[in-house]
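Trainee: I have a model to read, and I want to know what each label rests on. Can we go through it together?

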Amino acid sequence: MLAVVVLAGLLAPMWWTGDPEALQPAERLRPPSAGHWFGSDQFGRDIYTRTIYGTRVSLTVGGAVAVASLVLGTALGLVIGFYRRLDTILMRVMDGLMAIPAILLALALMALMRGSVRNVIIALVVPEIPRVVRLVRASVLSLREHLMVEGARALGVGTPRILLRYVLPALVAPLLVQGTYICASAMLVEAYLSFLGAGTPPHIPSWGNIMAEGRSYVQLAFWIILFPGVFLAATVLAINLVGDGLRDLLNVR
Amino acid sequence: MLQEVARRLMATIPVMGVVAIAVFALLHVTPGDPATIIAGDYATAEEVARIRARLGLDRPFLTQVAIWLGQVVRGDLGTSIFSGLPVTTLIGQRAEATTVLALYALLISVGVGVPLGVLAAWRRGSWVDRLVMIFAVSGFSMPVFWLGFLLVYVFSLGLGWLPVQGYVPLRESVLACLRHLTLPAVALSCIYLALIARMTRASMLGVLGEDYIRTAFAKGLPPRRVLIRHAFRNAALPVVTIIGIGFALLIGGAVVTESVFAIPGLGRLTVDAIVRRDYPVIQGVVLVVSGVYVLINLIIDLLYVVIDPRIRY
């Protein structure tokens, strides 16, 4: 258990050191020249540079999806958990949405929207919301019977205040853990969507896009696919490990 | 029992109803006029009007929902805008490849994942355990298509053992079919396998601490027997549950894998439909696949009774 936490701690800084480079608005679309660390693609673009740039896109998507689905999911979950009348109807809707495999739902959404980073984020948030709602609702249902909530109610505290002051703090730990997993899976699915041609527009160097471009050149230039994939896998791995570490540390479940 | 099966089946109806409405409503909640989006960037006003009339988009929303639900109940999923064929026919043509691929991957995942998990739990803290856990976490982090290319690069282009891509229908040659699907199935099973191995290990660890396991070992039973008969039987429930829940991952992965290996399955159908903005096809595939997913989880729910006789419905 401790080993996992330590490992996560070790891997996280490793992953962050890659980031400062991505923030430098340096050269883009470089013509072929010496010193391409990861080789260059069919237009002579430096894969290393593009991969580092891709970090930005993937982290933005991962982070934004995690935050957005947590916020929306929590808000809905709190309301559903406390207002019984909404519960039955909305939970049926959530069950239905959860029955659709996430990637398919995201694909169907992307089919209807223009490819942009913002739309990819929306398409990834929608399938995640019901999962967060379910988690929050379950906690709310058990917490609302809690003595402290009953006490607050007896003192005449209103429902919105109870939700914010008493219920929400108890949810922080599980949500944090859930958020890291959402972030990791969102980064993977973003790559899937881009790879299938239904993600971020091709000119944006996301890891999925770089690999999608490289697919026609697998035999000639394997490095185009190899390196962004390594980056993606390593990043997702690191985030997953952080999630595992947090889960053990915060003693969730 | 039969009564329970019927009751459960009934319970899936509202879920599927929501899925059907959600799939339909997607077309309307997304910003912009659906007919214009489907017609594409270069469509003329007449083409847009034709598509709108054809999809019934000119009628009130609730009427549209009612018509759509009525069609679905009768097993009519509409016709493809691109090919003009009924969506059900298209899905029927493509279902075999995806089904075989998914079953193949499922077989690999369960066949390898469960023993790995049992082994890791039994030898907790050893290098076997650590190796399995490293594999389980990293397997969960790798993009399916990337792994697919890696496998192609090594086993097809490098060693020349297996075909690079393509598909041979089962009835033409079972062997050729399986040969073509081996790399995709391995790539696809990776995430699922990792999930199953991890769950098996966690569940086994819980069971192995029980008194009756100590007793079983103490009376000199061979470890194999204890692990399988005594421990795994009791640890199986969460594993079976995760197999059902994880099936969504398998389906999602199949869409991507089929694209890498040029397998003419439901995934390719979906991706092609997206490129062509053939929305009826997308709706149909999402609906059918979700139905299969719900059904599988229903079957798994009912399997609990078989695995654990204490559970009664």
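**Reading the labels**

Mentor: Start with A:Leu107, which is found in helix H4 of chain A. Helices (H or I, at least four residues) and strands (E, at least two) are DSSP runs, numbered from the N terminus. This is a predicted model: local features need pLDDT of at least 70, side-chain atom pairs count only at pLDDT 80 or more, and totals for chains, interfaces and linings use all residues. Residues are numbered from 1 along each chain as its sequence is written, and chains are lettered from A and ligands numbered from 1 in the order in which they are written.

Trainee: Why does A:Leu107 count as buried?

Mentor: A residue is buried if 20 or more other C-beta atoms lie within 10 Å of its own, exposed if 12 or fewer, and partly exposed in between; C-beta atoms are placed from the backbone. A:Leu107 has 28 C-beta neighbours inside 10 Å, so it is buried.

Trainee: Why is A:Val79 called partly exposed?

Mentor: A:Val79 has 19 other C-beta atoms within 10 Å, so it is partly exposed. A:Val79 is found in helix H2 (residues 47-82) of chain A. Its C-alpha atom is separated by 8.6 Å from that of A:Leu163, 84 residues apart along the chain.

Trainee: What makes helix H4 of chain A mostly covered?

Mentor: Of its 11 residues (102-112), 11 are buried. Among them are A:Ala102, A:Ile103 and A:Met110.

Trainee: Which residues does A:Leu107 touch, leaving out those up to four places away in sequence?

Mentor: Two residues are in contact if their C-beta atoms, placed from the backbone, lie within 7 Å. By that rule A:Leu107 touches A:Leu193, A:Ala198, B:Thr270 and B:Ile274.

Trainee: Which residues have the most contacts inside the largest nonpolar core?

Mentor: A nonpolar core is a set of buried Ala, Val, Leu, Ile, Met, Phe, Trp, Tyr and Cys residues joined through C-beta atoms within 7 Å. The largest has 153 residues, and those with the most contacts inside it are A:Ala106, A:Leu107, B:Leu101 and B:Ile196.

Trainee: How do you know that the length of helix H3 of chain A agrees with its residue count?

Mentor: The expected span is 1.5 Å times one less than the number of residues. For the 15 residues of H3 (84-98) of chain A that gives 21 Å, and the end C-alpha atoms are 21 Å apart, so the two agree.

Trainee: Where is the kink in H3 of chain A centred?

Mentor: On A:Leu90, with a kink of about 25°. The bend at a residue is the angle between axes fitted to the seven residues ending there and the seven starting there.

Trainee: What is the mean pLDDT of chain A?

Mentor: pLDDT is the predictor's confidence in each residue, from 0 to 100. Chain A has a mean of 70, and chain B averages 76. Among the elements of chain A, helix H1 (residues 2-23) has the lowest mean, 43.
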